[in-house]
Amino acid sequence: MARKNALHNDRLACFYENKEHSWDEHWAEIITPDLYKEEEKPYFGEFSFLKEHSPPLGKILEAGCGTGIYVWKLSQLGFDCEGIDTAAAAIDQVHRIKPMLPIEIGDVLNISKPDSYYAGIISLGVIEHREDGPEPFIAEMSRVLMNNGVAIITFPYFNKLRKIKSFLGLYSKKLNTNDIFYQYYLSEDEVSSIANKYGFKIIMKYYYDVPFCFKLEIANKENAIYKFLRRLLLKICKELPIIKPSFSHCCALICKKQT
C-alpha cells in the first residue's frame, strides 16, 4: 500500500492511499512457529528496555500486543505478563501455535480490569493510531496501573530531522479524499505532558530504529550509495549517541505513576 506523510491536526501524520490498514493482515505473515522459539536468553534487541524496566513482581499488561511476542519473551524470563489486542484473527492465529500464551481480544481504551490492577503496562506503537490524539490511551493506562507502577510507552517520533523537513515545507499540507489516516509522529513534549497530567513521572527515555527513519525520510532505495550513507549514519549515531535522537524513528518513555 502506498503511504505518505502530511501535516494534519497540527501534527505530522502518515496516511495510506485507498485502503485502510488492517492489523489482522499486518500480523498474518509475521505470526509463524519460528517466531516463538524457546530461547535460553530471549533476544530483545533495541527493545531491551522492556526487560530492564518491567516490574519483577505483579502483573504486567501489554496493551496492543499484536503477535504477543513480547508477552512470550517476558514470560520466559519469569515476568507475569499478559496481553490484549483488537486483532481477533491474529490472536486466534497465535493461539493455534501457542495455545497457552495469555493474550486475548481486548480494547486498550476500555481495559476490562479494575482500577490499580497492574504493576506494569507496556504500549508499543499504539497511542499514535488515534486520529483525535493519544490522550485516552494514557488516561486508561493510568486508571488500571497501581501507584508506583511502570508504564513503557513507545511511539513514532517527531524528531529533529522531521522538524526540519516540516519547517522547510517538505511535507504535504493537502489530503486527498482517498487518504486514510494511519498514525501520527508524536512529539516527546506532547506525550510527556499528557503523561504528567495523569500522574506519571518520566524516569527514562530511549530512542531507536535509525534505519527505518532513514528509509522513510531520506531515501527508500537500495543502491550502493544509499546503503553507504545508511551505514555511515548508523556509525555516527553509535559513536555520538547525542546525535541518535535526531534520526530515530521511535521514542520510548519509561513512566512511573506517582498519584
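Analyst: What follows covers ring pairs, a ring cluster and charges over rings. This is a predicted model, where local features need pLDDT of at least 70, side-chain atom pairs count only at pLDDT 80 or more, and totals for chains, interfaces and linings use all residues. Residues are numbered from 1 along each chain as its sequence is written, and side-chain values use heavy atoms, with hydrogens and water left out.

User: How many aromatic pairs are there?
Analyst: Eleven. Rings of Phe, Tyr and Trp (its six-membered ring) pair if their centres lie within 6.5 Å; planes under 30 degrees apart are stacked, over 60 edge-to-face, and the rest tilted.

User: How are the rings of Tyr16 and Tyr182 arranged?
Analyst: Their centres are 4.9 Å apart and their planes are at 55°, so the pair is tilted.

User: And where do Tyr16 and Tyr182 lie?
Analyst: Tyr16 is in strand 2 (residues 11–17) and Tyr182 in strand 8 (residues 179–185), so the pair ties together parts 166 residues apart in sequence. Strands are DSSP runs (E, at least two residues), numbered from the N terminus.

User: Are Tyr16 and Tyr182 buried or exposed?
Analyst: Both are buried, meaning under 20% relative accessible area (1.4 Å probe, protein chains only).

User: Which residues form the aromatic cluster?
Analyst: Phe44, Phe47, Phe49, Tyr70, Tyr206 and Tyr208.

User: New topic. What sits over the ring of Tyr184?
Analyst: The charged end of Arg11, 4.7 Å from the ring centre. The rule asks for NZ of Lys or CZ of Arg within 6 Å of the ring centre and within 35 degrees of the ring normal.

Conventions. Helices (H or I, at least four residues) and strands (E, at least two) are DSSP runs, numbered from the N terminus. Buried means under 20% relative accessible area, exposed over 50%, partly exposed in between (1.4 Å probe, protein chains only).
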